[in-house]
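Here is a friendly briefing to read with the model open beside you.

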Amino acid sequence: MAKESIRFIHAGDFHLERPMQDLLDLPEHLKSQLVDAPWKAAETIFETAIVENVDFVLLAGDILNPVSCGAAGPAFLLEQFEKLNQNKIQVFWASGTVDDPERWPEAVSLPPNVHLFSKKQVEPVIYRRNGTPLATILGRSNDGRESIRAAEFQMDEDDTYTIGLAHGVAERDTLISQRIDYWALGGNHQRQTLHGEAPHMRVCGTPQGRSFQESGAHGCYTVEVDGNHDAQIVSTDVDLFRYITQTLDAEDLAMGRDIRQLMSKRISKLQSENGTRHLIIEWKIEMDLENAAMVGPAALEEMLGWVRREYGHGACSVWSTDIEVLSPKTFPSKWQEEDTILGDFLRTATDTRKALGKNINLKPLVECETPGTPVWQSLLDNDEPTTVTSMLDKSTLLGVDMLRGHKMDLLAPTRRFGGMKS
C-alpha cells in the first residue's frame, strides 16, 4: 500500500550578513531595495513554505552570522520560525561555517519546531504526521571540514523517505553509494543538480545573488514526494535583483548594426525572460579592428549614460554597471606573415598565448622598476588561465597598437565605466 505524500522546501546560503556587490553609481530608488534584497528573498522562502503548505523546511547552512548581523539577524529568523510554527511547519537546520551553532546567542532560544543539528555527528530525526513516520532526515552541521563525509550518513533500511542534509563540498560518486533518497546540500551559491534522478542530489544555492560571480536565477527547491517515493522537484525563484553578463557579438557590429539598437533588443528580451525583478547588467562588446574606432572612451561613456537613463529608472529597472570592449580574438593573418617587427611580435605573442605565458619571465623587469610592489607581484603570480589569457590579449593589443604607429582607441586607461574597474 502506498504511503502518504510529503512536501518540503530545500534552501540555504542566505548569508544575511553579506551586502550586495559590484554596484556603484546606483540611482536612489534602487539603493534601499538593494540593501533589503537578501532579507526579502529569504522572507519569500518562508512565505512560500506557508503558501505551499509544506511539511517542513530544510536549511542547508550559512543562513547568517549572528555576530555580524547584530540583533536584527536572530530577530528576523525567530520571527520567520514562529510563523512556520503557527502553521505547524517544522524546520531542520544543518549549519555551515558562518552560522556555527556556537555563535548563536545563548539567551535566545529557538522555537520548538526548529531542530538545529549537531556538529559532532550525524543525527537521524524522524518526521511524523499523526504519529506515522514518513521521512527520516539525517543531518549534521559543518564541523569546519570542507568535504561532506558520505559514509557517516548511514541508516538501517525502513519505509521512510530518507534525506541527507549537509553543508560543504560533495562528491557525487561517494554520495550515491549511500541509501539516501534526496541529498539536500548547501555550500555553493549557484544551483546545482549533481544527480537528476533518484537518488536526487541538489545544491540549493543562495536565494539572492550578490555579484556577477553569482549571476542568473536564485531561489530554493520545492519538493513533493508521493507515496511511492517518487519526487517532483521545482525551482522556485525568489531573487529581487538578478546579475547578468551580456556580450554583443563582433559579427553583428561588423554588419553595421547599431550598438544601441542591439542593446535595446537584448534588454527587451531579458525583461521578458526574467519577470518583474530588477536586472543588473555588465556589457561586453566584441570588436574587430576595422570597427574599433566606433567605441572610443568618450563614446562608451556616453553610451553608458544613455542606457542608464533609458532603462535604469522604471518599476523593473535594468541597471547597467559598465561596458567593456574585449580585445579582438584574431589579427589579420597577413600581419603575422610580415617580415617585420610587427610580424615577429605577433608570432611570438601567438606562441606565448598557447603556452599561457609560461615561456616568459617579467619578474626581473618589474622588480627593477618597482621592487616589492604587491600589486605587480599578485598579477605575475596569478596562474588562472582566464586571467593570464586576458592579460596576454591586452598586452598583444597594446603592442600591435604601438607597432602600427597609430592609436586604435581600444587601450584608454578607463576601459570600463561606472566606477567599477580600470
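By class, the lining of the largest cavity has 3 nonpolar, 5 polar and 6 charged residues. Here Ala, Val, Leu, Ile, Met, Phe, Trp, Tyr, Cys and Pro count as nonpolar, Asp, Glu, Lys and Arg as charged, and the others, Gly among them, as polar. This is a predicted model, in which local features need pLDDT of at least 70 and side-chain atom pairs count only at pLDDT 80 or more, while totals for chains, interfaces and linings use all residues. Residues are numbered from 1 along each chain as its sequence is written, and side-chain values use heavy atoms, with hydrogens and water left out.

**Cavities**
- The 14 lining residues of the largest cavity include Asn142, Ser147, Ile148, Arg149 and His167, which lie nearest its centre.
- A cavity is a set of points, on a 1 Å grid over the protein atoms alone, where a 1.4 Å probe fits but cannot get out; lining residues have an atom within 4 Å of a point.
- The largest cavity holds about 110 Å³ of space, and the count is 3 cavities of 30 Å³ or more.
- Grid points are joined across faces, edges and corners, and a volume is the space filled by probe spheres set on the points.

**Helices α1 and α3**
- Helix α1 (residues 28–51) packs with helix α3 (residues 72–86) at an angle of about 15°, their axes 9 Å apart.
- That makes α1 roughly parallel to α3 (angles under 35 degrees count as such).
- Axes are lines fitted to C-alpha atoms over the stretch in contact, and angles run from 0 to 180 degrees between N-to-C directions.
- From α1, Trp39, Ala42, Glu43, Phe46, Ala49 and Ile50 meet residues of α3 that include Phe76, Leu77, Phe81 and Leu84 (contact means heavy atoms within 4.5 Å).
- The contact of α1 with α3 has 10 nonpolar, 2 polar and 2 charged residues.

**Helices α6 and α7**
- Helix α6 (residues 259–274) and helix α7 (residues 297–311) have axes 11 Å apart and pack at an angle of about 35°.
- Ile259, Arg260, Met263, Ser264 and Ile267 of α6 meet Glu302, Met303, Trp306, Val307 and Tyr311 of α7.
- In this contact of α6 with α7, 7 residues are nonpolar, 1 is polar and 2 are charged.

**Backbone details**
- A cis peptide bond runs from alanine 198 to proline 199, with omega near -5°.
- Proline 199 sits in the loop between β9 (192–195) and β10 (200–203).
- Helices (H or I, at least four residues) and strands (E, at least two) are DSSP runs, numbered from the N terminus.
- Aspartate 13, a residue other than glycine, has a positive phi near 55°, and is found in the loop between β1 (6–11) and α1.

Terms used:
Parallel < 35°, antiparallel > 145°, perpendicular 65-115°, else oblique. 1 Å grid on protein atoms, 1.4 Å probe; cavity = no way out; pocket = protein on both sides within 12 Å on 5 of 7 lines; lining within 4 Å.
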